[in-house]
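Hi,

Here is the structure I promised to pass on.

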Amino acid sequence: TSSKMADSEDSAPAPPPELTLPDGTTLPALADGEYDAIILGTGLKECIISGILSVDGKKVLHMDRNDYYGAESASVNLNQLFEKFKAGAPPAALGASRDFNIDLQPKFLMANGKLVKMLVMTGVNKYLEFKQVDGSYVLKDGKINKVPATDTEALSTPLVGFFEKRRLRSFVMYVQDYEADKPATHKGYDLSRMTSKELFEKFGLEKGTIDFIGHALALYDDDSYLSQPARDLVDRCKLYGESLARYGKSPYLYPLYGLGELPQAFARLAAVYGGTYMLNKPVSRIVYNDAGEACGVVSVGEDGKPAFAKCKQIIGDPTYFPEKTAVKGKVVRCIAVLSHPITPGNEASCQIILPQNQIGRSNDIYVFCVSSSHCAAPEGKYIALVSTVSTRADLESNLSKAANEELKEGLKLLGKVDSFFLDVYDVLEPRADGAADKCFISKSYDATSHFELTTEDVMDMYKRIYGKPLDLSQTMVSLSPDDE
């Protein structure tokens with residue numbers, strides 16, 4: 001009889017092992033049962049961290065409550081976009097739904113920036129194809145002009161008057177030549193002490209010039225940097241210049257078919273290293289041990305019943321931790337489909353920054369535009385996004401009026417639109433750093449049209465998780481976008 005027993009056991013799959021929770025109860029194991037880290041949400045930040053942990057030899061379980069990759073930073077087709085905003089079926093005149101890849105959090109990558117280095121460091125760039133963005137613009141005195149970033153552009157830009165051009169060129173050349181470890185390039189300025197405002201004064205730059213340097217070159221989203229040490233300003237301007245020098249035209253890159261390709265590329269990477277990705281897995285609860293540290297999650301097993309996975313730490317986006325996050329503001333935006341480009345140079349893709357002082361607001365407005373050249377829309381169609389941070393109380397109750405007023409200066413640049421959607425969401429930030437409860441939480445996506453603040457958040461998460469900064473100094477960037 002014993003041999004018969006063995007035979008019947010072989011034919012049926014073994015039930016998952018039972019795991020004991022801190023309160024003494026047991027549940028079947030979810031997937032492999034035990035992991036170094038569990039990651040909640042497949043947004044870009046979570047995917048990058050997941051990739052870095054995987055490459056580092058950590059065993060990762062990555063879950064998402066949705067049945068698609070990308071969470072808040074997913075790409076959608078036209079039908080999905082209309083569905084998201086409960087707008088019925090899209091008009092046939094817009095073209096085939098499948099030809100649209102519309103990012104819910106569209107942002108450009110700085111060609112020499114940290115995000116590109118993270119892609120290269122983890123090897124994910126192999127799965128993606130990048131193409132440069134055609135134009136980088138800024139608003140000054142009611143006009144849109146290309147952002148000058150080299151000494152020659154500084155001399156020819158219509159953004160500044162004749163005498164200011166020389167001063168701007170001197171500043172740009174100082175930034176280009178500056179090297180932290182070569183005091184001869186510092187011109188006697190100690191940038192760890194001197195503020196950005198003081199540095200600008202040394203070059204005699206006018207307020208309008210300072211606006212576009214701070215907001216369109218250094219990409220600050222407000223003016224608090226003026227009272228901070230100037231070293232960061234110079235580093236940011238250098239990054240812009242170096243990124244521009246890589247490919248000309250603009251310093252920005254964007255993947256073909258949109259950013260939705262990024263989370264999927266990281267999912268492939270994690271799989272290569274033995275990680276597990278599970279979509280459509282709602283998190284019933286996060287489990288804590290007696291010391292108050294996260295030690296696992298309860299979700300749903302293959303049989304539809306509760307199952308448990310153990311871990312040493314949990315990483316996730318703020319929507320999975322409502323009680324551990326706080327609202328820090330709101331982003332208001334407009335997603336639009338157009339039939340024409342929006343820049344003076346008629347570029348197929350561009351970023352336009354409207355600095356706060358130029359439009360009488362306390363935050364910049366960002367305008368982002370892509371088209372068929374990045375496979376984001378069918379031929380002849382353009383996807384534009386206008387966004388800003390707002391503190392208005394009536395955003396939810398009176399979205400149409402409030403959004404139109406807040407975004408007015410950016411919406412003007414779009415001209416006639418075929419279709420548009422207004423949206424507002426809370427910017428959530430973690431209340432604690434995760435050291436005590438082992439929950440490492442990202443911030444919501446910001447209003448900017450580039451990835452610089454997103455990568456700062458990833459760097460911050462890495463530091464909180466590992467207790468040391470992420471070292472990207474050994475990572476050489478060798479992306480070769482086609483330059484057609």
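To start with the outside: which residues form a nonpolar patch on the surface? They are V55, V272 and Y273, with about 280 Å² of accessible area together. Patches here are built from residues with over 30% relative accessible area and no salt bridge, with nonpolar side chains (Val, Leu, Ile, Met, Phe, Trp, Tyr) joined within 5 Å and like charges within 9 Å. The areas come from the Shrake-Rupley method with a 1.4 Å probe, and for residues only the protein chains shown count as cover. Y273 sits in the loop between α10 (261–272) and β12 (276–278). Its relative accessibility is 43%, so Y273 counts as partly exposed (buried is under 20%, exposed over 50%, partly exposed in between; 1.4 Å probe, protein chains only). Helices (H or I, at least four residues) and strands (E, at least two) are DSSP runs numbered from the N terminus.

Before you read on, a word on the source: this is a predicted model, where local features need pLDDT of at least 70 and side-chain atom pairs count only at pLDDT 80 or more, while totals for chains, interfaces and linings use all residues. Residues are numbered from 1 along each chain as its sequence is written, and side-chain values use heavy atoms, with hydrogens and water left out.

Now the rings. There are 17 aromatic pairs in the structure (Phe, Tyr and Trp rings, the six-membered one for Trp, with centres within 6.5 Å; planes under 30 degrees apart are stacked, over 60 edge-to-face, the rest tilted). One of them is Y174 with F203: the centres are 5.5 Å apart and the planes lie at 50 degrees, so this pair is tilted. Y174 belongs to helix α6 (residues 162–177) and F203 to the loop between α7 (196–202) and α8 (207–217), so the pair ties together parts 29 residues apart in sequence. Both Y174 and F203 are buried. They also belong to a cluster linked by ring pairs, along with F171, Y178, Y189 and F200.

Two rings have a charge over them (NZ of Lys or CZ of Arg within 6 Å of the ring centre and within 35 degrees of the ring normal). K59 has its charged end over Y35, 5.1 Å from the ring centre, and R65 lies over the face of Y320 at 3.8 Å from the centre.

On to salt bridges. Side chains of opposite charge can pair when their charged atoms come close. The count is 30, taking a side-chain nitrogen of Lys or Arg within 4 Å of a carboxyl oxygen of Asp or Glu. K381 and D418 make one, with the closest N and O atoms 3.0 Å apart. This pair links distant parts of the chain, 37 residues apart: K381 is in the loop between β19 (365–371) and β20 (382–390), and D418 in the loop between α12 (408–411) and β21 (419–430). K381 is buried at 13% relative accessible area, whereas D418 is partly exposed at 29%.

E405 and K401 also meet in a salt bridge (3.0 Å, N to O). They are four residues apart in helix α11 (residues 399–406), so about one helical turn separates them.

Cheers
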